[in-house]
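Visitor: I'm new to reading protein models. Could you walk me through one?
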Amino acid sequence: MKLNTKPFHIMVKPTGPSCNLACQYCFYLDKDELYPNTTRFRMSEALLEEFIKQYIAAQPGPMVPFAWQGGEPTLMGLDFFKKVVELQKRYLPKGWQAENALQTNGTLLNDEWCRFLHEHRFLVGISLDGPPKLHNTYRHTKTGGPTADLVLRGVDLLKTHGVEYNILCVVNNVNSQHPKETYEFFKELGVRHIQFIPLVEHFGQGKVSDRSVSGKDYGRFLVSVFNQWAEYDIGTVFVQLFEECLSVWVGYGARLCLFTETCGRAMILEHNGDVYACDHFVFPEHLLGNIQKEPLHSLVDSPKQIQFGLDKRDKLPAECRQCPVVFMCHGGCPKNRFALTATKEAGLNYLCEGYKQFFTYIGPFMEDFAGLFRQQAGPHILAESARKRLKSLWQNVGRNALCPCGSGRKYKKCCQQLYD
């Protein structure tokens, strides 16, 4: 019997926090503290079957999205994911399909893995923070060694076997200073789909780690990448954030919970069946329950989780509500809303300065794109429009003029340093 619940998404962590690497900024490695009596984190086959059965039953279909993450999910071994596919086929109603996404560091992939991923049409996300010298800054092996060559070997295997993949790039205090180099590296690698995720490590009382990207640097990074993309790659390279922006400007709304008015429909499932409110809120106070004791759909639609989602909207500071770009960001992810507004009100997003700069800068471009999109114009028309606007903005900028990116700084102290 099908259940009447709204669509929701579960990110599954079959190995919990276990990983074969030791990236310095990984926020999940210490989640083993939630399970002090567990030494080996592995989802059982019985629990896997229970999850797949409950998850499919609670979805409206006919496409059911599955996301497998960690830690490092490939530590479960290939047989686990063969069982995943088998169980999905068993429980999917006639005419329905499963979509599988696997987020991995790529270091354990081999030919057998890639043949399986291609055969069953898994979308693979690879964690890669730019060219090796930038990637290796914080992404290390257990012994502190570099990992870029291991990851790139995995990428080569995916390409050889025709596996669809994208890149997840964590933007930190180092690679944020090299947007052109980072973006061009991905292009040279042949990457067509990229996600840029800002690193924000909050230690309480508004303090962040030195590794964290500042709002100002994140905004400048995004503007630089956008300019390169708009000049050369519209229709050939797809940057998730830019697609989100176009969706909002066209009127379809945001698809990522990051930019929706409310949240709470994207939860995580731990190795033992525990369900938490969000990947970034895996703390005891945000534990919803366990699917071996309570049905998944009841946890998803519980008053506690509904309130968690509404808090994003209801706790937005008054200053944010008056912001001209609030229609796009809606205050951003609640995990980063620990700064103070100009009037000392709590709840401002730490990245606000960068978001405001970026969304303001791309506004005219997006207005152009939205108009052309409604006219069913092709990518080449959008690209021509973007190049025209770029030329009018950036041509003959004086070194001492205000930078067109909107940072408020002189060009010589801002984007000229990124492009020279």
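Guide: Let's go through the sheet, a helix pair and the cores. This is a predicted model, where local features need pLDDT of at least 70, side-chain atom pairs count only at pLDDT 80 or more, and totals for chains, interfaces and linings use all residues. Residues are numbered from 1 along each chain as its sequence is written, and side-chain values use heavy atoms, leaving out hydrogens and water.

Visitor: What is the order of strands in the open sheet?
Guide: Strands (E, at least two residues) and helices (H or I, at least four) are DSSP runs numbered from the N terminus, and two strands pair if DSSP finds at least two bridges between them. Here the ten strands run β9-β6-β5-β4-β3-β2-β1-β10-β11-β12, with mixed pairing. β9 (238–239) and β12 (287–290) are the edge strands, each pairing on one side only. β9 pairs with β6 (residues 193–198) in the parallel sense, and H193 stands opposite F238.

Visitor: At what angle do α8 and α13 pack?
Guide: Angles run from 0 to 180 degrees between N-to-C directions, and axes are lines fitted to C-alpha atoms, for helices over the stretch in contact (heavy atoms within 4.5 Å). α8 (residues 240–250) and α13 (residues 352–374) pack at about 65°, with axes 9 Å apart. Among the residues making this contact are F242 and W249 of α8 and F358 and I362 of α13.

Visitor: Which residues have the most contacts inside the largest nonpolar core?
Guide: A nonpolar core is a set of buried (under 20% relative accessible area, 1.4 Å probe, protein chains only) Ala, Val, Leu, Ile, Met, Phe, Trp, Tyr and Cys residues joined through side-chain atoms within 4.5 Å. The largest has 111 residues, and F51, W68 and F226 have the most contacts inside it. Its largest share, ten residues, comes from α13.

Notes
Buried means under 20% relative accessible area, exposed over 50%, partly exposed in between (1.4 Å probe, protein chains only).
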